[in-house]
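Thank you for making time this morning. I would like to walk through one model with you, slowly, and with the conventions stated as we go.

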Amino acid sequence: MAGRKKPLVVITRKLPDPVETRMRELFDARLNVEDRPMTQPELVAAVREADVLVPTITDTIDAALIEQAGENLKLIANFGNGIDRIDVAAAAKKGIVVTNTPNVLTEDTADMTMALLLAVPRRLAEGANVLTGEKKWSGWSPTWMLGRRIWGKRLGIVGMGRIGTAVAKRAKAFGLSIHYHNRNRVPAAIEDALEATYWESLDQMLARMDIISVNCPSTPATFHLLSARRLALLQPTAYIVNTARGDIIDEDALVRLIQDGKIAGAGLDVYENEPAMNTRLLRLATQGKMVLLPHMSSATIEGRIDMGEKVIINIRAFFDGHRPPDRVLPLRI
């Protein structure tokens with residue numbers, strides 16, 4: 001882009017130093033060194049002035065905000081795969097291209113999903129707290145801190161995309177039987193390699209599984225996909241893990257069912273109203289019935305740098321007159 005004016009790129013949160021350095025080299029990049037979420041007035045000022053906005057999942061880029069965008073804003077290069085907080089249709093109507101960063105967080109998220117699949121039935125967080133709590137550990141006992149065996153259990157995966165498939169590969173190595181529900185059946189070669197069983201009916205799958213892993217995207221169609229009615233189908237010995245999006249599960253219903261002993265427990269990395277936390281979830285965690293993580297399934301240095309590189313590639317492609325490789329198209333315009 002030598003000899004041309006560099007586009008003004010406003011970045012809403014602190015990114016890894018290598019990513020920010022490269023952005024400063026290539027663009028007129030305005031950084032958020034304090035890593036403080038932008039206020040609504042600050043976001044309005046950004047979209048009125050910027051050529052490119054680089055938001056994250058902490059920003060809501062809705063139709064009202066997009067309507068206030070200046071003529072210069074031509075690209076919203078999301079730092080993240082999920083675009084559920086960006087009104088892609090409103091952007092398209094305004095002539096603004098939206099991109100995201102797919103395919104770089106698959107392995108990291110699958111790793112954390114597998115960690116929760118182990119942590120919840122085997123009571124890992126509960127056990128770790130014994131050694132750091134106020135009471136002194138009294139030593140080993142044959143009937144103390146008993147969890148559930150993983151080997152031989154049935155895992156039901158809700159959403160057999162890239163992440164769901166990566167989870168299945170890990171789970172199979174741990175001796176779990178793989179089952180899945182998806183909008184479309186995966187290719188036969190993948191089913192055969194994973195020895196996976198496809199369930200067209202989500203209800204029927206939920207009622208038969210020992211562990212449920214939620215790995216589908218957040219869309220209007222998946223809001224409360226695991227509703228109170230569906231959660232009630234789970235066996236009392238079943239566990240549920242969610243590293244996708246919090247609003248896929250009816251959180252209040254999940255709390256009630258675990259409190260009543262109708263679901264054995266849960267491992268959550270995402271929440272309906274994060275960063276605000278349901279106090280009843282926290283109470284269940286202190287009782288050893290849940291393992292709660294602060295939305296960190298994709299939090300690796302390698303993953304964040306890969307995300308930043310994708311953002312940079314999308315911006316460069318756009319201003320070089322090419323179609324950005326990770327353009328997101330609206331369902332309807």
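This is a predicted model: local features need pLDDT of at least 70, side-chain atom pairs count only at pLDDT 80 or more; totals for chains, interfaces and linings use all residues.

Residues are numbered from 1 along each chain as its sequence is written, and side-chain values use heavy atoms, with hydrogens and water left out.

From the record, the unreviewed UniProt entry places "domain: D-isomer specific 2-hydroxyacid dehydrogenase catalytic" at residues 18-328, and its annotation "domain: D-isomer specific 2-hydroxyacid dehydrogenase NAD-binding" covers residues 114-297. The UniProt positions follow the numbering used here, the feature names are shortened, and annotations may be inferred rather than shown by experiment. Over residues 18-328 the chain is 38% helix and 13% strand, with the end C-alpha atoms 25 Å apart; over residues 114-297 the figures are 33% helix and 15% strand, with the end C-alpha atoms 10 Å apart. Helices (H or I, at least four residues) and strands (E, at least two) are DSSP runs, numbered from the N terminus.

Let me turn to the sheets, where two strands are said to pair if DSSP finds at least two bridges between them. Five strands, in the order E2-E1-E3-E4-E5, make up an open sheet with parallel pairing. At its edges are strand E2 (28-30) and strand E5 (97-99), each of which pairs on one side only, and the twist from one strand to the next averages 20°. Within this sheet, strand E1 (residues 8-11) and strand E3 (residues 52-54) are joined in the parallel sense by three bridges, and Val9 stands opposite Val52 in E3.

Another open sheet has seven strands in the order E8-E7-E6-E9-E10-E11-E12, again with parallel pairing. Strand E8 (197-198) and strand E12 (290-292) have a single partner strand each, so one side of each is left without a neighbour in the sheet. Strand E10 (residues 239-242) runs parallel to strand E11 (residues 265-268), and four bridges join them, with Val241 opposite Gly267 in E11. Helix H7 (residues 162-173) packs on this sheet, touching strand E6 (154-158), strand E7 (177-181) and strand E9 (211-214), and its direction makes about 170° with that of E6. Helix H11 (residues 251-259) lies across E10, E11 and E12, at about 145° to E11. Contact here means heavy atoms within 4.5 Å; axes are lines fitted to C-alpha atoms, for helices over the stretch in contact, and angles run from 0 to 180 degrees between N-to-C directions.

What does H11 meet in H12? The contact joins Glu251, Asp252, Val255, Arg256, Ile258 and Gln259 of H11 to Arg280, Leu281 and Leu284 of H12. The axes of H11 and helix H12 (residues 279-286) come within 10 Å and cross at roughly 35°.

Finally, helix H1 (residues 17-26) and helix H13 (residues 301-319) pack at an angle of about 15°, their axes 9 Å apart. The two helices are therefore roughly parallel to each other, a term that covers angles under 35 degrees, whereas those over 145 count as roughly antiparallel, 65 to 115 as roughly perpendicular and the rest as oblique. Pro18, Val19, Arg22, Met23 and Leu26 in H1 meet Arg304, Ile305, Gly308, Val311, Ile312 and Arg316 in H13.
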